[in-house]
Amino acid sequence: MNFIEGERVVTEGELKANSITRNQVTKFYREQITNSGYYDQLKYIVEPSFEEFESPGNLDTSGEQDNTVVPGLQHKYAQTGLLLVTDRCASYCRFCFRKRIVGKNSDEIAPDFAQIAQYIGGHPEMTNVLLSGGDPFVLSTAKLDKILDHLLPIPHLDSIRFGTKTVAYEPRRFEDPALPALFQRIHEAGKTAVIVTHFDHIGEISVDAERNIRFLRAQGVQFLNQSVLLAKVNNDPEILAATFAKCHQMGVRPYYLFQARPVKGASHFQVPLRRGLEIAHGITQRLSGIQKTFKYIMSHYTGKIEILDVGADGRVYMRYHQNKTPGKIGRIFSRPLLEGACWLDDLLEG
């Protein structure tokens, strides 16, 4: 098997034991990163590395299986349902936090959308759903339409989100002439269609991606972007500020900058929290007020935690952006900073 560092003979057993994802990259993305001027950084997103054999961690860092209420549907936060609609992606990210699922025939993928709709219908507090996976846009538009058949009649759903990196990996997917009608259906049902793109680096934003985003925005689709802070890829405030400024220019609101998770086979992508905060502050120093819409977030088992700052007292200050317990949302808390710590679990309470 080819790795960034060279060829290595590996068995299927070794790959499975080390949770090493299959290597698959679209021709479009390979050409995009090769011609971007940033290949030496962007190759780490999709090309396997020997470091994957030495990366400890687990395969469900956010407690997804514990929050699954019916097969394929997670309900961790009151207002949001997360639907796993496929276990496939156009290309496979080496830092994927769902590598327990992607590229496999996973039993965590939703088998019955009627059952899911029945659950959502019985939970009026759920105002939005996020279609994720895998990547929903590897499914045909006809398949997505069939999923919407179950979701659009639910009166208390205000918005339908699609989480996707296909805008970077295969943006011509969004030139499908059937797509505008799908988004029009959502609009006519009185709901908002939101695409959450996943641009981690300005070198991923192609001319094709921008053209298709602008076209769909003109059809009334809203766009947000989430990025993951990745060692060797984008751990540089200049790069991320340029990425977020470009997103803003295209009408894509920078939404989350995620702390990379301690995933088995991918924890080598983590950046220490102190450095992460320096980068986050460096980004905000380079952006105008209307461009500063991202939050630096740790998607932890207990909830989404906004990482705020290191105080003069040597403590990391954080705030629950989301939590299973509504009373904890917005609560600020702190822990002593341990140099090199990358995750909440690395910090001792006290």
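Guide: Keep in mind that this is a predicted model. Where helix 9 and helix 10 cross, the crossing is right-handed.

Visitor: What angle do the axes of helix 9 and helix 10 cross at?

Guide: The axes of helix 9, residues 237-250, and helix 10, residues 273-286, cross at roughly 50° and come within 8 Å. The two helices are therefore oblique to each other.

Visitor: And which residues in helix 9 meet helix 10?

Guide: From helix 9 the contact takes in Pro237, Glu238, Leu240, Ala241 and Phe244, and these meet Arg275, Ile279, Gly282, Ile283 and Arg286 in helix 10. Sorted by class, that contact has 6 nonpolar residues, 3 charged and 1 polar.

Visitor: Switching to the cysteines, how many disulfides does the count come to?

Guide: The count comes to 0 disulfides, taking the sulfur distance as the rule.

Visitor: What about Cys93, how far is its sulfur from the closest one?

Guide: For Cys93 the closest cysteine sulfur is again in Cys96, at 6.5 Å, which is too far for a bond.

Visitor: Are those two cysteines buried or exposed?

Guide: Cys89 counts as buried because its relative accessibility is 18%, and Cys93, at 12% relative accessibility, counts as buried too.

Definitions and conventions: Residues numbered from 1 in each chain as written. Predicted model: local features only at pLDDT ≥ 70, side-chain atom pairs only at ≥ 80, totals over all residues. Heavy atoms only, no water. Axes fitted to C-alpha atoms, helices over the stretch in contact; angles between N-to-C directions. Helix = DSSP H or I, 4+ residues; strand = E, 2+ residues; numbered from the N terminus. Parallel < 35°, antiparallel > 145°, perpendicular 65-115°, else oblique. Left-handed = near helix turned anticlockwise from the far one by under 90°. Contact = heavy atoms within 4.5 Å. Nonpolar A, V, L, I, M, F, W, Y, C, P; charged D, E, K, R; others polar. Disulfide = S-S within 2.5 Å. Buried < 20%, exposed > 50% of the residue type's maximum accessible area, 1.4 Å probe, protein only.
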